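Here are my notes on the model below.

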Amino acid sequence: MSATSHSPVFLHHNDLQQLLQILQHDGYTCIGPQVRDGVIHYDHIDTVEQLPRGYGQHQQPGHYQLEPAGHDRYFAWANGPQALKPWLFSPREALWQCQAGEDKLAFEQVAAEDDPLAVFGVRACDIAALYLHDKHFLQQTHRDPGYRSRRQNLLLVAVNCSHPAETCFCASTGDGPEVHYGHDLVLSELSEGFIVQAHTEKGLSILARLPAETASQSRIAAAQASSRAAAEQQGRRLPSQDLQAALFANLDHPRWEDIARRCLSCGNCTSVCPTCFCHREFDEPSLDGQTSTHYRQWDSCFNQGHSYIHGITLRAETRLRYRQWLTHKLGSWHQQYGRSGCVGCGRCISWCPVGIDLTAEASLICTGSEA
Amino acid sequence: MNSPYLPQEARIIERIEESPGLFTLRLHFTEPKRQEAYHFEPGQFNMLYLYGVGEIPISIVSDPKDEHIIDHTIRAVGRVSQAMSRLKTGQSIGLRGPFGRGWPLQTAEGRDVVVVTGGLGCAPVVSVINYIQHRRERFGKLNIVQGVKHSSDFIWKERYDHWRQMPDTTVLLAADRGDPIWPWHVGRVTDLFDQLDFDPANVSVMLCGPEGMMHVVARQMLERNVNENEIWLSMERNMQCAVGHCGHCQYGAHFICKNGPVFSYAELQPLFGQPGF
Ligand SMILES: Cc1cc2nc3c(=O)[nH]c(=O)nc-3n(C[C@H](O)[C@H](O)[C@H](O)COP(=O)(O)OP(=O)(O)OC[C@H]3O[C@@H](n4cnc5c(N)ncnc54)[C@H](O)[C@@H]3O)c2cc1C
Ligand code: SF4
Ligand code: SF4
Ligand code: FES
């Protein structure tokens, strides 16, 4: 296809605003990274001034710190707690409403927002997670109408990661740091601007309107070197064996109990994880008693109610909850969706209040030694 | 796009009080086209919605050939089911379904059938027995074994009396605790297994009830040389969506709502009996 075979162009930092304007002109609501409450957060953006330019970050198990990086790159940081997931799979969403009359009920679907969204600065790991959610919500027996309408109108301006965090391990899961699929445009940032490539017809039509020049061989080589370095820099990795078999063969491993002594069962890992899909449903009746709205909201296998059936909580202990999380994420996903449920983003490591590292725990349980 | 989450209005044609805390709702979609288009298999379930309160998964107990009525027998145990028990004939509820994979009745044709249930009523297998009853000649010997905790928990005595009259049918009942007028066995269902009449090489076993009981029965059946692919169990887990999205019903890699709720013993290995799944 012609869209992928064009030669890469170079866009100066000063011209990034033009890219945003083209997207706005094409009718997209633009979402991008910005600093909020001390983290990189994705929300509406009107101008590139809002992007976290000049920031870097430190991430360690249980630790996340944004800081000025002493340069003026836009994307020289790795992911914060959330990026793409909440824009497709909403943390809380009304599914339908019911009107009550005299012995009568009328049900009506709540229409999903379907404004075309363009998301700026999406990383390879999150695109991999998006593809997993596509499989889960769109490619099984039943399809999710809200997810579908948001997904259909999604445009992605991806970024190749140049500065992974200490917690990142996308190279070992095969999901990053370079973007290979799922995007419309991808940027590789250099000190003075971006190498831009289009991956779809839509991306190409945007690219054609950019004030960009053909990228020089030396810049292309610099961008490639940056991606290579980003991969080599990653210290963490998941064991490379069949983790589904290894985890299920070790359900009685003493390490589960050891983890349970540290784990707070808070569910932070599941809420930051870009592939976790669990949610619960509930009703919110209006005070006048005439309408009830049926919602769904993110849930977590670390919550008490997740495994409840009348009178029994199947996973009352933290040990069993952590085991559910790990055996699902790194194990059952293979059987469910043909690959691991982990894309190596490292969020669950950084955002765990007590710094539990799933790569280390999986290694210990499956191979007997820390990676 | 049609939402798999959206219930449809159904009317309560009749409400039957089966025993204290156990009731049957006989339902009919308000919209005739819905009712016409509705088809299910024994072992499948619906999500029943009570206005302003919520949805719960409930098995369908009527005969799949009955095009007018969808029956559910419900035990009032908690928030939704207790409030649902106060509904009356003529009132409306929400219904979505049918969901899941039911009992393997097509493949069981020509074979002996053993149905073992524990607990109150055990709706998911009543539909199987009704199904076989109406197509009796297509199946081999039928064995029905029902266990209850206390003899007073036993309901539907007339049905069991009726089933006992069917050709080639054995009906065995057991109560953990009996009383002076309980005419059947006092003890476990497994105590009765020597009285069963089936060919282990040509039988389909269908189980429903508490998991501990299903576990014991399945192992006994394996010891009696029944193939693990011919022992079928109806599983229960928390269900929010019934369409494979909410993640609550996961059992290892299975989504009980869509891959089940009926599974063969072989499919549930190696997790079955393992706490925490
Ligand atoms: C496939 C399937 C078929 C079933 N068929 C029948 C039937 O024919 N008759 C019958 O009486 N019961 C049946 N049940 C059990 C029934 O769904 C629960 O008794 C009911 O959900 C309890 O809800 P509650 O709000 O009254 O109880 P609470 O204890 O207040 O439960 C709160 C919530 O937890 C969830 N929950 C609790 N128990 C269960 C459970 N066992 N399964 C799934 N979710 C649960 C529900 O969302 C429920 O609303 C079936 C369950 C499943 C999974
Ligand atoms: S399990 Fe952790 S590292 Fe893997 S995708 Fe989820 S949050 Fe990222
Ligand atoms: S079961 Fe746990 S690990 Fe799996 S998707 Fe749900 S919340 Fe995430
Ligand atoms: S009930 Fe939601 S996934 Fe099965």
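**Notes on the ligand site and the domain contact**

1. Ligand 1 sits between chains A and B. The model is predicted: local features need pLDDT of at least 70, side-chain atom pairs count only at pLDDT 80 or more, and totals for chains, interfaces and linings use all residues. Residues are numbered from 1 along each chain as its sequence is written, chains are lettered from A and ligands numbered from 1 in the order in which they are written, and side-chain values use heavy atoms, with hydrogens and water left out.

2. Which residues are closest to ligand 1? They are A:Tyr308, B:Pro57, B:Arg75, B:Ser81 and B:Glu236. In total, 23 residues surround the ligand (a residue counts as near if one of its heavy atoms lies within 4 Å).

3. Now the polar atoms. An oxygen atom of ligand 1 is 2.5 Å from a polar side-chain atom of A:Tyr308. On chain B, the backbone takes part. A polar backbone atom of B:Thr73 lies 2.9 Å from a nitrogen atom of ligand 1. A backbone N or O atom of B:Val80 is 2.8 Å from an oxygen atom of the ligand.

4. Chain B has domain 1 (8–99) and domain 2 (112–268); these bounds come from an automatic or database domain assignment. Their C-alpha centres are 22 Å apart.

5. How many residues of each domain of chain B are in contact? Domain 1 brings 20 and domain 2 brings 19 (contact means heavy atoms within 4.5 Å). The two domains bury about 1,600 Å² between them, 64% of it on carbon and sulfur atoms. Buried area is the accessible area (1.4 Å probe) that two parts lose on being put together, summed over both.

6. In domain 1 of chain B, B:Phe45, B:Val61 and B:Asp63 lose the most area to domain 2, together 26% of what that side buries. B:Asp63 also forms a salt bridge with B:Arg135, at 3.4 Å from N to O (side-chain nitrogen of Lys or Arg within 4 Å of a carboxyl oxygen of Asp or Glu). The count of salt bridges between the two domains is one.

7. Where does the domain 1 side come from? Strand 1 (8–19), strand 3 (45–50), strand 4 (54–59), strand 5 (70–75) and strand 6 (92–99) of chain B each supply at least two residues. Strand 4 gives the most, with three residues. Strands here are DSSP runs (E, at least two residues), numbered from the N terminus.

Terms used:
Helices (H or I, at least four residues) and strands (E, at least two) are DSSP runs, numbered from the N terminus. A polar contact is a pair of N or O atoms within 3.5 Å; within protein, one must be able to donate a hydrogen and the other to accept it, and residues adjacent in sequence count only if both atoms are side-chain atoms.
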